[in-house]
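Dear colleague,

I am handing over the structure that I have been going through, and I would be grateful if you could look at it alongside the notes below. The notes begin with the overall make-up and then take up particular places one after another.

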Amino acid sequence: MDAAKHMPAPDALAKAIKRDYGTLALVLQGGGALGAYQAGVFEALDNAGIHPNWIAGISIGALNAAVIAGNPPKHRVERLREFWRSICRPPLLPTWPTPPLDPSAWELPWLNGLSGWSALRALVEGQPGFFVPRPFPLLPLRASPATASWYDTSPLKATLERLVDFDRINHKTAMRVSVGAVNIRTGNFAYFDNTEGELRVEHFMASGSLPPGFPATEIDGEFYWDGGMVSNTPLYKVLSDASCRDALIFQVDLWSARGEVPRDLAEVTARAKDIQYSSRTRLITEFMGMRQKQQRLLQDLMALVPEDQRRDPAYRRAEIYAGGSLVNLFHLIYRNKPYEGHYKDYEFSFGSMQQHWHSGMDDMQCTLSEPQWFARPDAEHPFVTHDVHCED
């Protein structure tokens, strides 16, 4: 499908969305190198004049969120490109010429070999601007939570500080930003939100501190790991927020729940990752959809209560749980490429990054070519979902 030929006028759709929805949220899942897909989705939204006023992320999604929210609208795509080019540069050893990762141009085993080689290099050499191997990581000398890892992520900190304006993120007129991490001491999930406190580079680093590869990040005396250890998507945060108005939400998934039955151990590893990191999105969507319908029903029933009885304490308590907001939720789901293996989330080759980016743009453009999907839900169907699997 050539989505570009069927897209409505960008201004018309963007104006309709702004009119119909008080909240326009972009929800970014964790998934390492696959996060370039999210950048492609954002570029397509930006080209269409659709600008989120809330961005929530976990792991690589939190890093993309930092770059987007931490730059002026006209520079966001440019900074995203700079971020991904920085962390996908060739590591130490000489690199082979990057082929077009197109199965029609190269034999699949050859593509698979190049992809595996890039992933191996990331493990051995690290990625410039992101992480580097620690010398002698198993030695207990000067051991601490901030050094107990295979890799040192101080290059990532420098990259974020170079590309992100944290004053902009924390400005009172800025878009809302939420990132999730796990408190190591309590094992509890924690959200950091710029409407509740100042966000620093450490908050975004904490969301992507996946052990044992990456070290814990200290924030105000507590140490945190990657939020994906508990939930790989911040969708629950967005859907459960009590102040959420009628909302249009783009949930960008990097792991597909659907897939082939594995035939060997490598495929087992890849399929297990997909199921592990995608399952919570489905669970959260179903649970929150049911809750939204119940809240709407409660509000409708409360409207039948006579005015002179609405001061009753039971009515006042019910007001807390009733909700009349409408939700239109899009799942944009990354589709595995034929050449990818179980290492796809740490395969940072430049060619693969470009493929992921273009896939995200194509899927979002395909979605935008169906303007009827963006109509605001009605009271009878207050929670509407769309699973986007666009065909090439």
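A residue is called buried here if its relative accessible area is under 20%, exposed if that area is over 50%, and partly exposed in between, with a 1.4 Å probe and protein chains only. By that rule, 50% of the 392 residues of the protein chain count as buried. Please keep in mind that this is a predicted model, in which local features need pLDDT of at least 70 and side-chain atom pairs count only at pLDDT 80 or more, while totals for chains, interfaces and linings use all residues. Residues are numbered from 1 along each chain as its sequence is written, and side-chain values use heavy atoms, with hydrogens and water left out.

The protein chain has 13 helices and eleven strands, where helices (H or I, at least four residues) and strands (E, at least two) are DSSP runs numbered from the N terminus. If contact is taken as heavy atoms within 4.5 Å, then among contacts with a separation of 6 or more in the protein chain, 76% are between residues 24 or more positions apart.

On the interior: a nonpolar core is a set of buried Ala, Val, Leu, Ile, Met, Phe, Trp, Tyr and Cys residues joined through side-chain atoms within 4.5 Å. The largest such core has 73 residues, and W84, F204 and F250 touch the most other members. Helix α4 (residues 60-69) gives the largest share of this core, eight residues. There is also a second, separate core of 14 residues, with A56, L239, I249 and M288 among them. Ten of the ten residues of α4 are buried, so this helix is largely enclosed by the rest of the structure. Leaving aside residues up to four places away in sequence, F204 touches A62, L63 and A66, as well as F166, I169, V177, V179 and L199; of these, A62, L63 and A66 are buried residues in α4.

Turning to the aromatic residues, rings of Phe, Tyr and Trp (its six-membered ring) pair if their centres lie within 6.5 Å, and planes under 30 degrees apart count as stacked, over 60 as edge-to-face and the rest as tilted. The structure holds 16 aromatic pairs. In one of them, the rings of Y151 and F214 have centres 6.5 Å apart and planes at 80°, so this pair is edge-to-face. Because Y151 belongs to strand β4 (residues 151-152) and F214 to the loop between α9 (201-207) and β7 (217-219), the pair ties together parts that are 63 residues apart in sequence. Y151, at 11% relative accessibility, counts as buried, and F214 is buried with a relative accessible area of 15%. Another pair, F250 and F374, is tilted, at 6.2 Å centre to centre and 50° between the planes. F250 lies in strand β9 (residues 247-253) and F374 in the loop between α13 (350-368) and β11 (383-388), so this pair ties together parts that are 124 residues apart in sequence. Both F250 and F374 are buried. One aromatic cluster is formed by F130, F131, Y151, F214 and F348.

Next, the cavity. On a 1 Å grid over the protein atoms alone, a cavity is a set of points where a 1.4 Å probe fits but cannot get out, and lining residues have an atom within 4 Å of a point. Grid points are joined across faces, edges and corners, and a volume is the space filled by probe spheres set on the points. The structure holds one cavity of 30 Å³ or more, and the largest cavity has a volume of about 90 Å³. Eleven residues line the largest cavity, and D253, W255, A257, R282 and I333 lie nearest its centre. Helix α11 (265-302) and strand β10 (327-333) each supply at least two residues of this lining, and α11 gives the largest share, three residues.

Finally, some single residues. A44 lies in helix α3 (residues 36-47) and, at 3% relative accessibility, counts as buried. A44 and Q365 are 321 residues apart along the chain, yet their C-alpha atoms are separated by 6.2 Å. S359 lies in helix α13 and counts as buried at 12% relative accessibility. V261, in the loop between β9 and α11, counts as exposed at 68% relative accessibility.

With best wishes

Definitions and conventions: 1 Å grid on protein atoms, 1.4 Å probe; cavity = no way out; pocket = protein on both sides within 12 Å on 5 of 7 lines; lining within 4 Å.
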